[in-house]
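I set down what I looked up, one topic at a time.

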Amino acid sequence: MATPRLSWHIVRVSTLHGTGVFAARDIPADTRILDYAGRRLTPEQADARWPVNPDDPYHTFYFALSGGRVIDGGQRGNDARWINHGCAPNCEARENDDGTRVAIYALRDIPAGTELLYDYGLVIDEPLTRTLKRHYRCRCGASACRGTMLALTDES
């Protein structure tokens, strides 16, 4: 009988925002923790579905891939959709070579019990106004927090 593989993560309530993902055990640097799963959409399909929740229009589980598709973690997704944003992340999202899949990797050793965070670096196709930054407000609390989950340019 095969030995069951222990999960690297657990899901529970986060002090940062809603639901979060935490290290279930010590995670060594560069460990592939889990894939980001969900239904594959075209950008047009993703745009047509927005807002997924009219009461909270700036919260989605979309993950845009360089290969041109969008993963909707809200449909057929997995625990990766609950990983919160952090401006000083301990994880990163890495795409495969053809831009069709993404996995979450540890950037450094992560002690058991630590919340897993990656920098969303959201890109919006409109001017980054103060209001838009507020809609995508960051709650990470890092000393170097930029105040938003949006990717900032030199002009923003």
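Entry 1, terms. I call a residue buried under 20% relative accessible area, exposed over 50%, and partly exposed in between, with a 1.4 Å probe and protein chains only. I work on a predicted model, in which local features need pLDDT of at least 70 and side-chain atom pairs count only at pLDDT 80 or more, while totals for chains, interfaces and linings use all residues. Residues are numbered from 1 along each chain as its sequence is written, and side-chain values use heavy atoms, with hydrogens and water left out.

I take a salt bridge to be a side-chain nitrogen of Lys or Arg within 4 Å of a carboxyl oxygen of Asp or Glu. By this rule I find 5 salt bridges.

I looked up Asp-35 and found a salt bridge with Arg-32, whose closest N and O atoms are 2.5 Å apart. Arg-32 is partly exposed at 44% relative accessibility, and Asp-35 is partly exposed at 21%. Asp-35 also forms a salt bridge with Arg-101, at 2.9 Å between the closest N and O atoms. Asp-35 belongs to strand β3 (residues 32-35) and Arg-101 to the loop between β8 (91-95) and β9 (102-106), so this pair ties together parts 66 residues apart in sequence. Strands here are DSSP runs (E, at least two residues), numbered from the N terminus. Arg-101 is partly exposed, at 41%.

I noted a salt bridge between Glu-92 and Arg-94, with the closest N and O atoms 2.7 Å apart. Glu-92 is partly exposed at 29%, and Arg-94 is partly exposed at 27%. Asp-30, Glu-92 and Arg-94 are linked in a network of salt bridges.

How values were computed
Helices (H or I, at least four residues) and strands (E, at least two) are DSSP runs, numbered from the N terminus.
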